[in-house]
Amino acid sequence: MRITLNGQATDLDVDPAKPLLWILRDDLGLVGTKYGCGQALCGACTVLVDGQPVRACQTAIADIVGRSVVTIEGVSGKVAEVVQMTWTKLDVPQCGYCQSGQVVATIALLNANRKPTENDINDALSGNICRCNTYHRIRAAVHEAAKLLEA
Ligand code: FES
Ligand code: FES
């Protein structure tokens, strides 16, 4: 099975039912995508598939053959740069465990919507749980990134 992974054509000889999360982490060593709940409930495993945020823990590889997957290791472009910069500037992470999922989900949001409202942010990020309660800094960083992208 072939996917495009972080811009590279990638052939995978694995069980078609295997979740993308375990292919990324165990087979390919891309451990920036985290395992939290394994049930599509926490967002720690969020990656982009054709630009849309998906939960890698509940995505069988057979369901995304031929599609483009971007993980935290492969995010690129203006939006990704600005998001990573604001995350650093506002010192968003605490333990960091949820943050790759938060960043990937934010990149997807800002790629689709350069002026997100509070409700837009809630809709986009409410499925990304942070046990360290960094939500206020995440929200501030999303707004800051949107402002910089507008400028
Ligand atoms: S590990 Fe996938 S949503 Fe929690
Ligand atoms: S920074 Fe620790 S879980 Fe979010």
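Modeller: In this predicted model, helix 2 passes helix 3 in a right-handed crossing.

Biologist: At what angle do helix 2 and helix 3 pack, and how far apart are their axes?

Modeller: Helix 2, residues 78–89, and helix 3, residues 99–112, pack at an angle of about 135°, with their axes 9 Å apart, and the two helices are therefore oblique to each other.

Biologist: Which residues meet there?

Modeller: From helix 2, Val 79, Ala 80, Val 83 and Trp 87 meet a set in helix 3 that includes Val 103, Ile 107 and Leu 110, and also Gln 99, Gln 102, Thr 106 and Asn 111. By class, this contact of helix 2 with helix 3 has seven nonpolar and four polar residues, and no charged ones.

Biologist: Switching to helix 1, which of its residues are buried, and what covers them?

Modeller: In helix 1, residues 20–27, the buried ones are Leu 20, Leu 21, Ile 23 and Leu 24, and their cover includes strand 1, strand 3 and strand 5. After helix 1 comes Gly 29, with a positive phi near 75°.

Biologist: And which residues other than glycine have a positive phi?

Modeller: Among them are Asn 6, with a phi of about 50°, and Asp 50, with a phi near 50°. Asn 6 is in the loop between strand 1 and strand 2, whereas Asp 50 lies in the loop between strand 3 and strand 4.

Biologist: Why does Asp 50 count as partly exposed?

Modeller: Because its relative accessibility is 41%, and Asn 6, at 24%, counts as partly exposed too.

Key:
Residues numbered from 1 in each chain as written. Chains lettered and ligands numbered in written order. Predicted model: local features only at pLDDT ≥ 70, side-chain atom pairs only at ≥ 80, totals over all residues. Heavy atoms only, no water. Buried < 20%, exposed > 50% of the residue type's maximum accessible area, 1.4 Å probe, protein only. Helix = DSSP H or I, 4+ residues; strand = E, 2+ residues; numbered from the N terminus. Contact = heavy atoms within 4.5 Å. Axes fitted to C-alpha atoms, helices over the stretch in contact; angles between N-to-C directions. Parallel < 35°, antiparallel > 145°, perpendicular 65-115°, else oblique. Left-handed = near helix turned anticlockwise from the far one by under 90°. Nonpolar A, V, L, I, M, F, W, Y, C, P; charged D, E, K, R; others polar.
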